[in-house]
Amino acid sequence: MAQAPDRSTGALDYLVVRKIYGNKAPQSGSDETGDKMAQATGDGPKSNGILGPVPVLIPLAIFIWSLSFIGPVSNGEVVRLSYDWVPSLGISLSFLIDGLSLTFTLLISGIGALVMLYSNTYLAGHPQYGRFMLYLTSFMLAMLGLVLADNLISLFVFWELTTITSYLLIGFDNESAKSRRSALQALLLTGAGALALLAGLIILGVAAGTFEISEILAKGDEIRAHALYLPILILVLAGAFTKSAQFPFHFWLPNAMAAPTPVSAFLHSATMVKAGVYLMARLHPALSGTDVWMWTLTIFGAVTAVFASVLAFRQTDLKQVLAYTTLMALGTLTLFLAFDSGYAITAFTTFLITHSLYKAALFLMVGCIDHGTGTREADILGGLGRIMPFTAAAAALAALSMAGIPPFIGFIAKELMYAGAVEAATSPVFVASMALAANALMFAVAGIVAFKPFWRPGQPTPVEPHEAPWPMLAGPIILAVLGLIVGIAPGLIQGTLVTPTVAALLGSADEAKELKLWAGVNLPLFLSLGTFAIGFVLYVFHQPLRRTLAAIDARAPNFDRGWDRVLDGLKALAEFQTRLIQSGVLRRYIFITFATLFAAIGTTLYLRTDLPDLEGIEVLAPKQWAVVALIIAGTISVVLTRSRITAIAALGVVGIAVALIFIMYGAPDVAITQLLVETLVVVLVAIAMLSLPFLDKPGRHDHRPLDAVLALGVGTVTTITMLLVLQQPIDLRLTEYFEQTSWPEAFGRNIVNVILVDFRALDTFGEIAVVVVAALSAYALLRTTAKEAQ
Amino acid sequence: MEILLSISVGVLVAAAVYLMLARNVLRFIFGLILISNAANLVIFTSGRLTLGAPPLIEEGALLPPEGVANALPQALVLTAIVIGFGLFAFALILVYRAYTTLGTLYSDDMRVAEPRSEDAG
């Protein structure tokens, strides 16, 4: 396949593609696929035809259908649905709807519908729009399967389906080397994690005695006390951490921004990266509560959250800024899953919903800016508030929620986080300061993303700025407004989503804390005020700070480059191994084959049997000794001689001696065949010799001590094996059958012949076929030689 | 005799392995012939040896006389000899063809498919 030219370097890469297909109508003749598509649909080059609106209906229908479960779930019911899949292995296609899976289902289908509506405009007229929608829809269905699955193995299958569809989506712009690299990186990293996860899930299933998640969750104490608890935990967390991009596996997520913006909004903020978080939450009742669980999640979550917010600060590309804040959110979610207090889990649930709402809105909003101005560079963008009022409004609402300002849901989530941190049993100061640092940085980032591009002066942009069309505005506005509505009326999600989710994790709806805007003057409130103050200072000084961070970051170890080095190392190892094993030297291959044979037989003989019993040597007639002497003498001559004629003659001697053995021991037919064949062999070799050179080049000898040792070894084990075989009693039933049926059934008196042409006729036919094929191939080889000679 | 034949087979196999490891592919062919012979002897001997009584049924009889040689390994060896010959003939032609095309009988020098890195560079 031809390598496409590398048109990488950041945002520009995607813009090139988008400008061709998105902003302007494709030039006639510029793109064959685009033209065909336009003709086929018949309504102008900027439309996606029926592929545009129809896919939107799928998530919409699922969303509406899921809403119908809110009633039962908020009453504490759990809906279960099961089909046998591989009953012999205990694998069933079973689904479970409780608070946790319903929350995820609503987020996935709801945001999915808005993202698909948005994509239809964002990628209008893209020649591969059908493919894009196929990937996106498959991804969404896989993700829904993942959050609804009630069987560890089905869950894993859906998990891998999201990995694969996400690979296809990140690499959607397949002509860009950067996209391909990012896609492969995400695939390898999450795929490796998934392998660990599979191992972990299997051990978990075996330890619990069932693969049904709902049954496993009821056996939490048993699993935590199990001897294999630690391996299970490590393997499952390896899968969750890679999928949810926890430090030090975080680097694939910012790179995954090579995907088209709607994909980033859907996969890399709201849904897929939360799969790891979902898994930890799902298995929380079974695995949490131990010190290992608590400390691992606390440390990984906290380090990811703070590290990512610092890096977010350092970025200038708005999409990259959001990518790093997503990392921060994932870290925070992990951090709060470490605990099992009501506040921590309520904070987890609330922040999960909050983050999905505002982050998807912001990503879509960045897409609008990109679409309207042709750039995503924070340093260039400015003064867009008047030109893009609706985008600006959506951005402001989403960012206020992100910054945690009342009365947005973000504020409630932040208050709950502080409450949860203060309540944390072992390390309240650590958790609270981590949360404070991350939230303050979030506040500043919100300013950079949603305030500065709209209300501060900027530089001219590549495209004359214009407002995005309504299908692109619908998503960010609806999501951002939702953040405000549930902030003002938290009761809307309290009983429907938050309490059932907390109940799913902690086993009791009573543990859920109340979501309220005004919780009185308490420590969380002071921490909030502190967050605003620090965040504001950070925002004001963000440009000098960014330069300092960039300087530090340039010198710090780079994980992305480290990844390249790991891959290079792997390739070098593969090359070394290939060169070692596949030397291309025929003799070495044969040597290894025989050495393996020798080692295998030798070890078996050494371990399993005594040496053969040589008792009872019979008295042999001179002719018998003579025949054996002929064989051995002939063999040794072939090996030692340097003369071709001697070698042929000695081979003939061996062949005729073998024929003599057949004659002596009652096998005249075999002996005749052997003589004929032996004669032919000698004749053929002799003819070939006429045009072949001498065996050895003049002055060169064929002494190979190592080969000789191996040869003697193989010969010895062959002899010993044969002696051992001969000591076993022989089973003659088959021979007796042939003897008894040869005349009555096949009417032949020569039993050997009857076997060949009657009982085993198909074998003989195969044998003839082999000879014919050999003859034809030989003829073909000789004929081409003759042609070349002419 | 079984013991002697077992030793002969060992000698044949050892010689065959040594020859098959040689640089010259003609020696490889010699090794191939020897190892075919060894294999035939192994099959034949495993069926046990019976002096001078071919497995034939006399005119008018339904069964062969008591104590005839084992017919089954003979049939197998017959097939094996012919197949071995086919293999040998093809290998010999291949060697001949390789020599006329590549001008060498040394397997180390036959590197059309995988040129040595120094050759390629």
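Reader: Is B:Arg48 buried, exposed or in between?
Author: B:Arg48 is partly exposed, because its relative accessible area is 22%. The cut-offs are under 20% for buried and over 50% for exposed, with partly exposed in between (1.4 Å probe, protein chains only). This is a predicted model, where local features need pLDDT of at least 70 and side-chain atom pairs count only at pLDDT 80 or more, while totals for chains, interfaces and linings use all residues. Residues are numbered from 1 along each chain as its sequence is written, chains are lettered from A and ligands numbered from 1 in the order in which they are written, and side-chain values use heavy atoms, with hydrogens and water left out.

Reader: What's its backbone doing, and where does B:Arg48 lie?
Author: B:Arg48 has a positive phi of about 70° although it is not a glycine. It lies in the loop between α2 and α3 (71-102) of chain B. Helices (H or I, at least four residues) and strands (E, at least two) are DSSP runs, numbered from the N terminus.

Reader: How does the span of α2 in chain B compare with 1.5 Å a residue?
Author: It agrees: the 22 residues of helix α2 (residues 25-46) of chain B should span 32 Å, and the end C-alpha atoms are 31 Å apart. The expected span is 1.5 Å times one less than the number of residues.

Reader: And what's at the start of α2(B)?
Author: A side-chain oxygen of B:Asn24 comes to within 2.8 Å of the backbone nitrogen of B:Leu26 there.

Reader: Switching to charges. How many salt bridges over all chains?
Author: The search of the whole structure gives 16. A salt bridge here is a side-chain nitrogen of Lys or Arg within 4 Å of a carboxyl oxygen of Asp or Glu.
Author: Take A:Arg282 and A:Asp98, whose side chains meet in one at 2.5 Å, N to O. A:Arg282 is in helix α14 (residues 274-282) and A:Asp98 in the loop between β2 (91-97) and α5 (99-122) of chain A, so the pair ties together parts 184 residues apart in sequence.

Reader: Buried or exposed, that A:Arg282?
Author: Buried, because its relative accessibility is 2%. A:Asp98 counts as buried too, at 7%.

Reader: What does A:Arg376 pair with?
Author: A:Asp317, with the closest N and O atoms 3.1 Å apart. A:Arg376 is buried, and so is A:Asp317.

Reader: OK, the interface. How many residues of chain A and chain B are in contact?
Author: 103 residues of chain A contact 89 residues of chain B, contact meaning heavy atoms within 4.5 Å. The two chains bury about 8700 Å² between them, 74% of it on carbon and sulfur atoms. Buried area is the accessible area (1.4 Å probe) that two parts lose on being put together, summed over both.

Reader: Which residues in chain A lose the most area to chain B?
Author: A:Arg587, A:Tyr665 and A:Arg749, together 9% of what that side buries. A:Arg749 also meets B:Glu59 in a salt bridge, at 3.8 Å, N to O. The count between chain A and chain B is two salt bridges.

Reader: Last one: where's the cis peptide bond at A:Phe247?
Author: It joins A:Phe247 and A:Pro248, with omega about 5°. A:Pro248 is in the loop between α11 (229-243) and α12 (252-255) of chain A. Another cis peptide bond joins A:Pro406 and A:Pro407, omega again about 5°.

Note on methods. Polar contact = N/O pair within 3.5 Å; in protein donor to acceptor, adjacent residues only side chain to side chain.
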